[in-house]
Amino acid sequence: MDVAVYSTKPYDRRFLDTANAAIGGRHCLVYLEARLSPATAVLAGGAGAACLFVNDQADETVLGEFARAGTGLLVLRSAGFNNVDLAAAQRLGVSVARVPAYSPDAVAEHTLAMVLSLNRGIHRAYARVREGNFALEGLLGFDMKGRTVGVVGTGRIGAAVARILLGFGCRVLAHDPAPDPDCAAAGVAYVPFGELLAASDIVTLHCPLTPRTRHLIDAEAIGRMARGAMLINTGRGALVDTQAVIAGLKSGAIGRLGLDVYEEEGDLFFQDLSGQVIQDDVFARLLTFPNVLVTGHQAFFTAEALAAIAQTTIGNITAFEDTGRALHEVSVEKLA
Ligand code: NAI
(Lines give C-alpha, C1' and ligand atoms only; values in the text may rest on other atoms or scores of the structure.)
Protein backbone atom coordinates (compact mmCIF):
# COMPACT_ATOMS: atom_id res chain seq x y z
CA MET A 1 0.00 0.00 0.00
CA ASP A 2 1.15 3.57 -0.64
CA VAL A 3 1.59 5.35 2.69
CA ALA A 4 2.22 9.09 3.19
CA VAL A 5 4.28 9.35 6.37
CA TYR A 6 3.90 12.81 7.97
CA SER A 7 6.31 14.50 10.42
CA THR A 8 9.12 12.13 9.43
CA LYS A 9 12.46 12.38 11.22
CA PRO A 10 15.52 10.34 10.21
CA TYR A 11 14.93 7.93 13.09
CA ASP A 12 11.32 7.26 11.99
CA ARG A 13 12.56 6.43 8.53
CA ARG A 14 15.23 4.05 9.84
CA PHE A 15 12.86 2.04 12.01
CA LEU A 16 9.93 2.03 9.54
CA ASP A 17 12.20 0.93 6.67
CA THR A 18 13.51 -1.94 8.82
CA ALA A 19 9.98 -3.08 9.73
CA ASN A 20 8.84 -2.80 6.10
CA ALA A 21 11.94 -4.69 4.86
CA ALA A 22 11.09 -7.52 7.27
CA ILE A 23 7.95 -8.18 5.20
CA GLY A 24 9.76 -7.89 1.89
CA GLY A 25 9.30 -4.14 1.43
CA ARG A 26 5.64 -4.68 0.65
CA HIS A 27 4.51 -1.10 1.31
CA CYS A 28 5.62 2.04 -0.49
CA LEU A 29 6.41 4.54 2.27
CA VAL A 30 6.57 8.16 1.11
CA TYR A 31 8.36 10.23 3.74
CA LEU A 32 7.17 13.80 4.31
CA GLU A 33 8.79 16.19 6.76
CA ALA A 34 5.67 18.36 6.89
CA ARG A 35 3.29 18.24 9.80
CA LEU A 36 -0.26 17.25 8.87
CA SER A 37 -2.67 20.19 8.81
CA PRO A 38 -5.43 21.37 6.44
CA ALA A 39 -2.67 22.97 4.32
CA THR A 40 -0.61 19.76 3.98
CA ALA A 41 -3.36 17.12 3.69
CA VAL A 42 -3.09 17.33 -0.08
CA LEU A 43 0.51 16.04 0.11
CA ALA A 44 -0.85 12.54 0.81
CA GLY A 45 -1.82 12.56 -2.86
CA GLY A 46 -4.49 9.90 -2.49
CA ALA A 47 -2.15 7.35 -0.85
CA GLY A 48 -4.07 4.44 0.68
CA ALA A 49 -2.92 5.41 4.17
CA ALA A 50 -1.52 8.41 6.01
CA CYS A 51 0.83 7.80 8.92
CA LEU A 52 0.73 10.40 11.74
CA PHE A 53 2.61 11.35 14.87
CA VAL A 54 1.43 13.22 17.97
CA ASN A 55 1.43 16.78 16.63
CA ASP A 56 -0.17 16.00 13.27
CA GLN A 57 -3.71 17.34 13.34
CA ALA A 58 -6.42 15.29 11.66
CA ASP A 59 -9.42 17.57 11.98
CA GLU A 60 -12.62 17.46 9.96
CA THR A 61 -11.12 19.45 7.05
CA VAL A 62 -8.11 17.15 6.80
CA LEU A 63 -10.27 14.03 7.04
CA GLY A 64 -12.62 15.41 4.39
CA GLU A 65 -9.66 15.92 2.05
CA PHE A 66 -8.41 12.38 2.74
CA ALA A 67 -11.85 10.85 2.17
CA ARG A 68 -12.22 12.77 -1.09
CA ALA A 69 -8.77 11.67 -2.34
CA GLY A 70 -9.25 8.03 -1.34
CA THR A 71 -7.02 7.85 1.75
CA GLY A 72 -9.01 5.39 3.84
CA LEU A 73 -6.66 4.73 6.76
CA LEU A 74 -4.91 6.87 9.37
CA VAL A 75 -2.18 4.98 11.17
CA LEU A 76 -0.92 6.73 14.29
CA ARG A 77 2.64 6.10 15.41
CA SER A 78 1.45 6.78 18.95
CA ALA A 79 -0.78 5.44 21.70
CA GLY A 80 -2.65 8.73 22.21
CA PHE A 81 -5.22 9.73 19.57
CA ASN A 82 -6.47 13.08 20.88
CA ASN A 83 -5.22 14.74 17.67
CA VAL A 84 -7.80 12.96 15.49
CA ASP A 85 -11.46 13.96 15.18
CA LEU A 86 -12.76 10.41 15.59
CA ALA A 87 -16.40 11.34 15.06
CA ALA A 88 -15.55 12.98 11.72
CA ALA A 89 -13.37 10.00 10.73
CA GLN A 90 -16.24 7.62 11.41
CA ARG A 91 -18.69 9.78 9.50
CA LEU A 92 -16.34 10.05 6.53
CA GLY A 93 -15.43 6.34 6.52
CA VAL A 94 -11.74 6.85 7.35
CA SER A 95 -10.40 4.09 9.62
CA VAL A 96 -8.06 5.09 12.44
CA ALA A 97 -5.48 2.79 13.99
CA ARG A 98 -2.83 3.32 16.65
CA VAL A 99 -0.05 1.59 18.54
CA PRO A 100 -1.77 0.83 21.82
CA ALA A 101 1.38 -0.32 23.61
CA TYR A 102 4.96 -0.13 22.48
CA SER A 103 7.06 0.32 25.54
CA PRO A 104 5.22 1.51 28.61
CA ASP A 105 8.55 1.07 30.38
CA ALA A 106 10.19 3.71 28.18
CA VAL A 107 7.68 6.34 29.34
CA ALA A 108 7.63 5.09 32.93
CA GLU A 109 11.43 5.17 33.19
CA HIS A 110 11.57 8.70 31.75
CA THR A 111 8.94 9.74 34.29
CA LEU A 112 11.19 8.50 37.07
CA ALA A 113 14.20 10.21 35.48
CA MET A 114 12.29 13.49 35.76
CA VAL A 115 11.23 12.84 39.35
CA LEU A 116 14.78 12.02 40.45
CA SER A 117 16.35 14.89 38.50
CA LEU A 118 13.96 17.44 39.98
CA ASN A 119 14.24 16.00 43.47
CA ARG A 120 18.04 16.08 43.58
CA GLY A 121 18.53 19.07 41.26
CA ILE A 122 20.52 17.06 38.70
CA HIS A 123 19.60 19.53 35.96
CA ARG A 124 21.08 22.37 38.02
CA ALA A 125 24.06 20.39 39.28
CA TYR A 126 25.06 19.54 35.71
CA ALA A 127 25.25 23.21 34.75
CA ARG A 128 26.88 24.30 38.04
CA VAL A 129 29.69 21.75 37.99
CA ARG A 130 30.60 22.65 34.41
CA GLU A 131 31.01 26.23 35.63
CA GLY A 132 33.24 25.11 38.50
CA ASN A 133 30.48 25.80 41.05
CA PHE A 134 30.38 22.98 43.59
CA ALA A 135 28.09 24.69 46.12
CA LEU A 136 25.16 22.58 47.33
CA GLU A 137 22.80 25.41 48.30
CA GLY A 138 19.52 24.96 46.41
CA LEU A 139 20.09 21.28 45.67
CA LEU A 140 18.49 19.86 48.82
CA GLY A 141 16.36 16.83 47.96
CA PHE A 142 14.33 14.28 49.88
CA ASP A 143 14.47 10.50 50.28
CA MET A 144 12.05 8.79 47.91
CA LYS A 145 11.62 5.94 50.40
CA GLY A 146 8.56 6.54 52.51
CA ARG A 147 7.21 9.38 50.34
CA THR A 148 3.66 9.33 48.98
CA VAL A 149 3.25 9.40 45.21
CA GLY A 150 -0.13 9.79 43.47
CA VAL A 151 -0.41 8.07 40.10
CA VAL A 152 -3.33 9.38 38.02
CA GLY A 153 -4.25 6.62 35.56
CA THR A 154 -2.89 3.13 36.09
CA GLY A 155 -3.07 1.80 32.54
CA ARG A 156 0.05 0.37 30.95
CA ILE A 157 2.31 3.32 31.74
CA GLY A 158 0.88 4.30 35.13
CA ALA A 159 1.10 0.68 36.30
CA ALA A 160 4.77 0.53 35.25
CA VAL A 161 5.43 3.80 37.12
CA ALA A 162 3.68 2.40 40.21
CA ARG A 163 5.82 -0.77 40.08
CA ILE A 164 9.05 1.24 39.98
CA LEU A 165 7.88 3.50 42.81
CA LEU A 166 7.00 0.52 44.99
CA GLY A 167 10.58 -0.63 44.41
CA PHE A 168 11.81 2.68 45.83
CA GLY A 169 9.77 2.04 48.97
CA CYS A 170 7.22 4.77 48.21
CA ARG A 171 3.63 4.70 49.36
CA VAL A 172 1.71 4.66 46.09
CA LEU A 173 -1.80 6.09 45.81
CA ALA A 174 -3.70 5.89 42.54
CA HIS A 175 -6.83 7.18 40.93
CA ASP A 176 -8.38 5.46 37.91
CA PRO A 177 -12.04 4.86 36.97
CA ALA A 178 -10.91 1.32 36.07
CA PRO A 179 -8.56 0.19 38.86
CA ASP A 180 -6.00 -2.47 37.97
CA PRO A 181 -6.29 -5.52 40.28
CA ASP A 182 -2.58 -6.33 39.77
CA CYS A 183 -1.62 -2.86 40.99
CA ALA A 184 -3.91 -3.18 43.98
CA ALA A 185 -2.44 -6.61 44.79
CA ALA A 186 1.08 -5.14 44.55
CA GLY A 187 0.22 -2.56 47.22
CA VAL A 188 -1.17 0.43 45.31
CA ALA A 189 -4.05 2.09 47.21
CA TYR A 190 -6.87 3.43 45.00
CA VAL A 191 -8.37 6.64 46.40
CA PRO A 192 -10.65 9.43 45.12
CA PHE A 193 -8.87 12.08 43.02
CA GLY A 194 -9.15 14.80 45.69
CA GLU A 195 -7.64 12.53 48.33
CA LEU A 196 -4.76 11.66 46.01
CA LEU A 197 -4.04 15.35 45.41
CA ALA A 198 -4.12 16.23 49.10
CA ALA A 199 -1.95 13.34 50.30
CA SER A 200 0.77 13.13 47.63
CA ASP A 201 4.30 14.54 47.75
CA ILE A 202 4.48 13.82 44.02
CA VAL A 203 1.56 13.70 41.55
CA THR A 204 2.21 12.07 38.17
CA LEU A 205 -0.26 12.03 35.26
CA HIS A 206 -0.78 8.95 33.07
CA CYS A 207 -4.38 9.18 31.90
CA PRO A 208 -5.35 9.90 28.28
CA LEU A 209 -6.36 13.37 27.13
CA THR A 210 -10.12 13.41 26.55
CA PRO A 211 -12.72 16.18 26.88
CA ARG A 212 -13.14 15.00 30.48
CA THR A 213 -9.46 15.08 31.42
CA ARG A 214 -8.61 18.38 29.69
CA HIS A 215 -7.15 20.70 32.35
CA LEU A 216 -7.53 18.00 35.00
CA ILE A 217 -4.86 19.96 36.85
CA ASP A 218 -6.33 23.46 36.99
CA ALA A 219 -6.23 26.17 39.65
CA GLU A 220 -8.78 24.30 41.77
CA ALA A 221 -6.85 21.02 41.64
CA ILE A 222 -3.60 22.84 42.46
CA GLY A 223 -5.38 24.36 45.47
CA ARG A 224 -6.15 20.84 46.69
CA MET A 225 -2.55 19.61 46.34
CA ALA A 226 -0.19 19.46 49.30
CA ARG A 227 1.76 22.73 49.35
CA GLY A 228 5.11 22.41 47.60
CA ALA A 229 4.34 19.05 45.99
CA MET A 230 6.01 17.93 42.77
CA LEU A 231 3.87 17.64 39.61
CA ILE A 232 4.93 15.49 36.67
CA ASN A 233 3.18 15.33 33.30
CA THR A 234 4.41 12.84 30.72
CA GLY A 235 0.85 12.22 29.45
CA ARG A 236 -0.48 14.98 27.22
CA GLY A 237 0.09 18.72 27.57
CA ALA A 238 -3.52 19.78 27.94
CA LEU A 239 -4.03 17.58 31.02
CA VAL A 240 -2.54 20.61 32.74
CA ASP A 241 -3.68 24.25 32.63
CA THR A 242 -0.26 25.81 32.07
CA GLN A 243 -1.24 29.31 33.24
CA ALA A 244 -2.60 27.86 36.49
CA VAL A 245 0.60 25.86 36.96
CA ILE A 246 2.73 28.98 36.46
CA ALA A 247 0.65 30.75 39.11
CA GLY A 248 1.16 27.71 41.37
CA LEU A 249 4.93 27.82 40.86
CA LYS A 250 5.03 31.55 41.64
CA SER A 251 3.06 31.12 44.86
CA GLY A 252 5.01 28.03 45.95
CA ALA A 253 1.91 25.82 45.80
CA ILE A 254 3.84 23.66 43.32
CA GLY A 255 7.36 22.95 44.53
CA ARG A 256 8.75 21.22 41.46
CA LEU A 257 7.39 20.68 37.97
CA GLY A 258 8.42 18.16 35.32
CA LEU A 259 6.87 18.31 31.86
CA ASP A 260 7.58 16.09 28.87
CA VAL A 261 4.50 17.46 27.12
CA TYR A 262 3.07 20.95 26.75
CA GLU A 263 -0.33 22.21 25.63
CA GLU A 264 1.06 24.18 22.68
CA GLU A 265 4.00 21.90 21.92
CA GLY A 266 3.02 21.55 18.25
CA ASP A 267 4.91 24.70 17.28
CA LEU A 268 7.99 23.84 19.36
CA PHE A 269 8.81 20.22 19.95
CA PHE A 270 10.71 17.85 17.64
CA GLN A 271 12.51 20.77 15.97
CA ASP A 272 15.84 22.53 16.50
CA LEU A 273 14.79 26.10 17.28
CA SER A 274 18.05 27.02 19.04
CA GLY A 275 18.75 29.85 16.58
CA GLN A 276 15.31 31.39 16.88
CA VAL A 277 13.44 33.57 19.35
CA ILE A 278 10.74 31.57 21.12
CA GLN A 279 7.44 33.33 20.50
CA ASP A 280 5.42 31.44 23.10
CA ASP A 281 5.63 33.64 26.21
CA VAL A 282 3.92 31.09 28.46
CA PHE A 283 6.47 28.42 27.53
CA ALA A 284 9.31 30.91 27.85
CA ARG A 285 8.13 31.79 31.38
CA LEU A 286 8.16 28.10 32.33
CA LEU A 287 11.81 27.88 31.34
CA THR A 288 12.78 30.64 33.81
CA PHE A 289 11.98 28.63 36.95
CA PRO A 290 14.89 26.79 38.59
CA ASN A 291 12.50 24.10 39.83
CA VAL A 292 11.04 23.27 36.41
CA LEU A 293 12.40 20.60 34.09
CA VAL A 294 11.03 20.35 30.55
CA THR A 295 11.88 17.67 28.00
CA GLY A 296 10.53 17.84 24.46
CA HIS A 297 8.16 14.85 24.33
CA GLN A 298 10.98 12.34 24.51
CA ALA A 299 9.60 9.90 27.08
CA PHE A 300 8.82 7.34 24.38
CA PHE A 301 12.21 7.74 22.71
CA THR A 302 14.04 4.44 23.19
CA ALA A 303 15.29 2.01 20.57
CA GLU A 304 12.90 -0.65 21.85
CA ALA A 305 9.92 1.69 21.62
CA LEU A 306 10.74 2.91 18.10
CA ALA A 307 11.17 -0.66 16.85
CA ALA A 308 7.84 -1.68 18.39
CA ILE A 309 6.06 1.41 17.01
CA ALA A 310 7.36 0.67 13.51
CA GLN A 311 6.41 -3.01 13.65
CA THR A 312 2.88 -2.34 14.88
CA THR A 313 2.39 0.48 12.36
CA ILE A 314 3.43 -1.76 9.47
CA GLY A 315 1.22 -4.52 10.95
CA ASN A 316 -1.76 -2.14 11.05
CA ILE A 317 -1.24 -1.20 7.38
CA THR A 318 -0.79 -4.81 6.24
CA ALA A 319 -3.89 -6.03 8.09
CA PHE A 320 -5.96 -3.16 6.67
CA GLU A 321 -4.82 -3.95 3.13
CA ASP A 322 -5.51 -7.68 3.57
CA THR A 323 -8.79 -7.59 5.51
CA GLY A 324 -10.13 -4.02 5.50
CA ARG A 325 -9.51 -3.83 9.27
CA ALA A 326 -6.34 -2.61 10.98
CA LEU A 327 -5.01 -4.60 13.94
CA HIS A 328 -5.55 -1.84 16.48
CA GLU A 329 -8.48 0.27 15.40
CA VAL A 330 -9.56 3.29 17.43
CA SER A 331 -13.29 3.78 17.57
CA VAL A 332 -15.33 6.83 18.50
CA GLU A 333 -16.45 5.04 21.68
CA LYS A 334 -12.90 5.45 22.97
CA LEU A 335 -13.64 9.13 23.44
CA ALA A 336 -16.31 8.47 26.03
P1 NAI B 1 -3.78 3.19 28.84
O2 NAI B 1 -4.97 3.32 27.97
O3 NAI B 1 -3.14 1.84 29.02
O4 NAI B 1 -4.11 3.74 30.31
C5 NAI B 1 -4.78 4.93 30.58
C6 NAI B 1 -5.46 4.78 31.94
O7 NAI B 1 -6.00 6.03 32.31
C8 NAI B 1 -6.60 3.76 31.94
O9 NAI B 1 -6.42 2.82 32.99
C10 NAI B 1 -7.85 4.62 32.16
O11 NAI B 1 -8.86 3.94 32.89
C12 NAI B 1 -7.24 5.77 32.95
N13 NAI B 1 -8.07 6.98 32.99
C14 NAI B 1 -8.97 7.44 32.08
N15 NAI B 1 -9.53 8.57 32.54
C16 NAI B 1 -9.00 8.83 33.74
C17 NAI B 1 -9.20 9.86 34.72
N18 NAI B 1 -10.07 10.85 34.52
N19 NAI B 1 -8.48 9.80 35.88
C20 NAI B 1 -7.60 8.80 36.09
N21 NAI B 1 -7.39 7.79 35.21
C22 NAI B 1 -8.07 7.82 34.06
O23 NAI B 1 -2.72 4.24 28.29
P24 NAI B 1 -1.13 4.25 28.49
O25 NAI B 1 -0.50 3.42 27.43
O26 NAI B 1 -0.81 3.97 29.90
O27 NAI B 1 -0.80 5.78 28.13
C28 NAI B 1 -1.33 6.84 28.92
C29 NAI B 1 -1.13 8.15 28.18
O30 NAI B 1 0.26 8.47 28.13
C31 NAI B 1 -1.56 8.09 26.67
O32 NAI B 1 -2.93 8.36 26.53
C33 NAI B 1 -0.70 9.17 26.07
O34 NAI B 1 -1.43 10.36 26.03
C35 NAI B 1 0.48 9.30 27.01
N36 NAI B 1 1.75 8.90 26.39
C37 NAI B 1 2.81 9.78 26.40
C38 NAI B 1 4.02 9.44 25.81
C39 NAI B 1 5.22 10.35 25.83
O40 NAI B 1 6.18 10.10 25.08
N41 NAI B 1 5.25 11.39 26.64
C42 NAI B 1 4.17 8.16 25.11
C43 NAI B 1 3.02 7.28 25.21
C44 NAI B 1 1.85 7.67 25.81
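Me: Which helix gives the most to the lining of the largest cavity?

Reply: Helix 1 does, with 4 residues. This is a predicted model: local features need pLDDT of at least 70, side-chain atom pairs count only at pLDDT 80 or more, and totals for chains, interfaces and linings use all residues. Residues are numbered from 1 along each chain as its sequence is written, and side-chain values use heavy atoms, without hydrogens and water.

Me: Why is this space called a cavity?

Reply: Because a cavity is a set of points, on a 1 Å grid over the protein atoms alone, where a 1.4 Å probe fits but cannot get out. The structure holds 2 cavities of 30 Å³ or more.

Me: What makes Phe300 a lining residue of the largest cavity?

Reply: A lining residue has an atom within 4 Å of a point. Phe300 is on the list, so it meets that cut-off. Tyr11, Asp12 and Arg77 are also among the lining residues.

Me: How many residues of that lining are nonpolar?

Reply: The lining of the largest cavity has 8 nonpolar, no polar and 2 charged residues. Ala, Val, Leu, Ile, Met, Phe, Trp, Tyr, Cys and Pro count as nonpolar, Asp, Glu, Lys and Arg as charged, and the others, Gly among them, as polar. Asp12 and Arg77 line this cavity, so they count as charged.

Me: What is the division for the second largest cavity?

Reply: Its lining has 7 nonpolar, 3 polar and 1 charged. Glu263 is in that lining, so Glu263 counts as charged.

Conventions
On a 1 Å grid over the protein atoms alone, a cavity is a set of points where a 1.4 Å probe fits but cannot get out, and a pocket is an open set with protein on both sides within 12 Å along at least five of seven lines; lining residues have an atom within 4 Å of a point. Grid points are joined across faces, edges and corners, and a volume is the space filled by probe spheres set on the points. Helices (H or I, at least four residues) and strands (E, at least two) are DSSP runs, numbered from the N terminus.
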